[in-house]
Structures are given as C-alpha cells and as structure tokens.
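Open the structure in your viewer and keep the selection tool ready. We will go stop by stop.

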Amino acid sequence: MKKEEILERFVCTPSRVAVVGASPKEDRPVFRVMNYLAGAGFTLYPVNPGYAGTEIMGRPCAAGLEFLEDEVDVVALFLSAKQQGTVAADLEKLPVRPVVWFQPGAENEELAAELERKGYDVVSSDCLMASHMNKCR
C-alpha cells in the first residue's frame, strides 16, 4: 500500500494504534503524540513492559503486542533501533498485518526492509501526529 493510501485509511480516518514504547510521563514525546491522537479520535493501545498492568491515558498498558485484546491497524514504534529486537517476531504473533510506523528516532532500515519482505506496509521517518496535522485538515 502506498503512503498516501495509508494516510487516507489509517491517519486521516482515526484508526486503532498500538503505541510501542508508550509512557505516562508527560514530558516524553510519545505522551504528547498519544494525547494528540486520542483527542483526534484514535483508539490507542499502549504497549510497554515497564508499565504493563497500569493505565496510560486511561487505557490499559500491555506488556507486548501479543497481549493486545483487540486487533490494531497501525503499530507505531517509539523505540530506538537497539530496543526493537523482538518487534518482527511479536508482529508475526498478531492475527492481522498492521501498518508498521517508525516514528522519528525509531528508524531502523534493516527491520523496515525485513518487514516489507514479509508483506507489511511500513512508514519510516514520519510522525503520526505531524502527518495528521499536516495532511488531514
């Protein structure tokens, strides 16, 4: 799927987004993006083993993608490349193939190429919040 189609289907139309690397800390960029997306109508699924069992922005935080209770349309990565070791294996445990969105700072060309080879749609070096603000209004 081309990026413009991804934007139309999953960004300009609020979708279900797993936020890998979610944090309850208001000074973190991920919190700001989550706050914006929630206000724009997105359904968020925080994922972070360090906060598993707690709530982030009123939503239960899962320890990993395989623990999500619902299917998601987009998996947004807010982890540095060094912390993405299990992402490909975790994605394969899901019943669907969501779009994998590498937020700025989470770019990983090797993983992105691997996921594309496996049939995932990938967006790199773009911010979900900025894309929504700039392309969907």
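Predicted model: local features only at pLDDT ≥ 70, side-chain atom pairs only at ≥ 80, totals over all residues.

**Stop 1**

Show the cartoon and pick out the five strands of the open sheet. Their order is E2-E1-E5-E6-E7, and the pairing is parallel. Now colour the edges, E2 (43-47) and E7 (122-124). Each has a single partner strand, so one side of each is left without a neighbour in the sheet.

Next, select residues 74-77 and 99-102. These are strands E5 and E6, which run parallel and are joined by four bridges. Click Val75. Its bridge partner in E6 is Val100.

**Stop 2**

Select residues 3-11, helix H1. H1 packs on the sheet and touches E5, E6 and E7. The direction of H1 makes about 100 degrees with that of E6.

Move on to residues 29-39, helix H2. H2 also packs on the sheet, where it touches E1 (16-20) and E2. The direction of H2 makes about 155 degrees with that of E2.

Show the side chains of H2. Which of them are buried? Val30, Phe31, Val33, Met34, Tyr36 and Leu37 are. Their cover includes E1, E2, E3 and H5.

**Stop 3: the nonpolar cores**

Select Val17, Val19, Met34, Leu37, Leu44, Trp101 and Leu128. They have the most contacts inside the largest nonpolar core, which holds 24 residues. H1, E1, H2, E5, E6 and H5 (128-135) each supply at least two residues of this core. H2 gives the most, with five.

Centre on Val19 and show what surrounds it. Beyond residues up to four places away in sequence, Val19 touches Val30, Met34, Leu44, Tyr45, Pro46, Val47, Ala76 and Phe78.

Then switch to a second, separate core of 23 residues. Tyr45, Leu94, Leu111 and Leu115 are among its members.

**Stop 4: Asn48**

Go to the loop between E2 and E3 (55-56) and select Asn48. Is this residue buried or exposed? Asn48 counts as buried, because its relative accessibility is 16% and the cut-off for buried is under 20%. Draw a distance to the backbone oxygen of Ala22: a polar atom of the Asn48 side chain lies 2.8 Å away. Leaving aside neighbours within four places in sequence, Asn48 is in contact with Gly21, Ala22, Cys61, Ala62 and Ala63.

**Stop 5: the cysteines**

How many disulfides does a search of the whole structure find? One. Select Cys12 and Cys136 to see the link, with 2.0 Å from S to S. The link is left-handed, with -75 degrees about the S-S bond. Cys12 sits in the loop between H1 and E1, and Cys136 in the segment after H5. The pair links distant parts of the chain, 124 residues apart. Cys12 is partly exposed, at 32% relative accessible area.

Now select Cys61. Cys61 is buried, with a relative accessible area of 6%.

Finish at Cys127. The closest cysteine sulfur to its own is in Cys136, 12 Å away, again too far for a bond. Cys127 counts as buried too, at 14% relative accessibility.

Definitions and conventions:
Residues numbered from 1 in each chain as written. Heavy atoms only, no water. Pairing = 2+ DSSP bridges. Contact = heavy atoms within 4.5 Å. Axes fitted to C-alpha atoms, helices over the stretch in contact; angles between N-to-C directions. Buried < 20%, exposed > 50% of the residue type's maximum accessible area, 1.4 Å probe, protein only. Polar contact = N/O pair within 3.5 Å; in protein donor to acceptor, adjacent residues only side chain to side chain. Core = buried A, V, L, I, M, F, W, Y, C linked by side-chain atoms within 4.5 Å. Disulfide = S-S within 2.5 Å.
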